[in-house]
Amino acid sequence: MEYIRIKEKVRKAFNPNQPKTFYKTKSPSDIASDVNDGDTKYRIIYANGEIAEWGKHDRYYNVKSKNPNSWRVFGVNNNEVELLRMPDSLNKQYGNLNIEYNFHNSKRRYANPGLFAAMLGSIAVYNKTVTTTGSAFQWGSCFPSALHINGMAIDFEYKSKNNQGGYYPHSSKQYQNDLAFLNAMRLFFDKNRVGEHSHFKGFRQLSGVVDGGSLHNSHFHADFSLTKIEEIKE
Ligand SMILES: [Zn+2]
């Protein structure tokens, strides 16, 4: 497994509906490049470790607008944090437990190692395959989200969401599966965000689950906390 150490990122700025030229390089050591990283289309890596990312933010994206895209800037502080590159997929049997996941539509493949352990624990308890849509980029940045900063949060697809933009009924196997996965995540994650839609009403009543607004009508979001790590002393 590949581990890297980075300067801890902090939220610095969000500038909705601004042109690509809104942020520029400031010195020859800054690197600006066009990218195809999910919703991120352009990135500036500043020599001091700060990252500026530009692209499609669902809430502010309007094709009729002169500037449909948005900017987010991730500053740095003096701490260092560790990230690991999550394997592209996993399918492993441990006794009766199967841990299987796949990625979908995301290049945000880096996560805090504790969060990755929490994710594997959740999948093991659930004992079914999940699809993740990722955590953070290798710099700890995570456009369009700010919640995934330093790889401290991760998203998963709902099984009870259908392809027509609606949901399978509460009596469905898909809903029961989502409930089972959510209950597994509640054991390992500090906070789980679900949608504001009435489909999620029962989920929102559970402890450790909050209303994540319309953004989370399309996916589970799990926030990890380092307080969830128990040091085992031998
Ligand atoms: Zn998220």
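Good morning. With 14 C-beta neighbours inside 10 Å, Asn 127 counts as partly exposed, because a residue is called buried at 20 or more such neighbours and exposed at 12 or fewer. Please keep in mind that the structure above is a predicted model.

Let me stay with Asn 127 for a moment. Asn 127 sits in the loop between α1 and β9. The phi angle of Asn 127 is near 65°, a positive value in a residue other than glycine. Most residues other than glycine have a negative phi. Asn 17 is another case: its phi is positive too, near 50°. Asn 17 lies in the loop between β1 and β2, the latter covering residues 31–37. Asn 17 counts as partly exposed because it has 16 C-beta neighbours inside 10 Å.

I turn now to the overall layout. The protein is divided into domain 1, residues 7–76, and domain 2, residues 84–228. The C-alpha centres of domain 1 and domain 2 are 25 Å apart. How many residues of domain 1 are in contact with domain 2? There are 17, and they meet 13 residues of domain 2. On the side of domain 1 that touches domain 2, at least two residues come from each of β1 (3–15), β3 (40–45), β4 (51–55) and β5 (70–85). Strand β1 gives the most to that side, with four residues. By type, the residues of that side of domain 1 divide into nine charged, four polar and four nonpolar.

Next, the sheet. Seven strands form an open sheet in the order β6-β7-β9-β10-β13-β11-β12, and the pairing is mixed. Its edge strands, β6 (89–94) and β12 (209–211), each pair on one side only. On average, neighbouring strands of this sheet are turned by 30° against each other, direction ignored.

Let us look at some of the pairs within it. Strands β9 (residues 130–134) and β10 (residues 153–157) run antiparallel and are joined by two bridges. In this pair, Thr 132 stands opposite Phe 156 in β10. Which helices pack on the sheet? Helix α1, residues 113–126, packs there and touches β7 (97–103), β9 and β10. The direction of α1 makes about 120° with that of β7. Helix α2, residues 173–188, also packs on the sheet, in touch with β9, β11 (191–194), β12 and β13 (219–223). The direction of α2 makes about 150° with that of β11.

At one end of the strand order, β6 and β7 run antiparallel, joined by six bridges. Ser 89 stands opposite Asn 102 in β7. The hairpin of β6 and β7 has two residues between the strands, and in it Gly 95 takes a positive phi near 60°. Strands β7 and β9, by contrast, pair in the parallel sense, over three bridges. In that pair, Phe 103 stands opposite Thr 132 in β9.

I come now to the interior. In soluble globular proteins, nonpolar side chains tend to be buried together. Here the largest nonpolar core has 43 residues. Which residues have the most contacts inside this core? They are Ala 111, Leu 115, Ala 222 and Phe 224. At least two residues of this core come from each of β4, β5, β8 (110–111), α1, β10, α2 and β13. Helix α1 supplies the largest share, six residues. Domain 1 and domain 2 each contribute at least three residues to this core. As for Ala 222, not counting residues up to four places away in sequence, it touches Ala 153, Ile 154, Met 185, Phe 189 and Asn 192.

Ala 117 is found in helix α1, and is partly exposed because it has 16 C-beta neighbours inside 10 Å. Ala 117 and Ile 229 are 112 residues apart in sequence, yet their C-alpha atoms are 9.6 Å apart in space.

Finally, two prolines. Pro 68 is found in the loop between β4 and β5. Leaving aside neighbours within four places in sequence, Pro 68 is in contact with Asn 17, Tyr 61, Asn 62 and Val 63. Pro 144 has its place in the loop between β9 and β10. The peptide bond from Phe 143 to Pro 144 is cis, with omega near 0°, whereas most peptide bonds are trans.

Thank you for your attention.

Terms used:
Residues numbered from 1 in each chain as written. Predicted model: local features only at pLDDT ≥ 70, side-chain atom pairs only at ≥ 80, totals over all residues. Domains from an automatic or database assignment. Contact = placed C-beta atoms within 7 Å. Nonpolar A, V, L, I, M, F, W, Y, C, P; charged D, E, K, R; others polar. Pairing = 2+ DSSP bridges. Axes fitted to C-alpha atoms, helices over the stretch in contact; angles between N-to-C directions. Core = buried A, V, L, I, M, F, W, Y, C linked by C-beta atoms within 7 Å.
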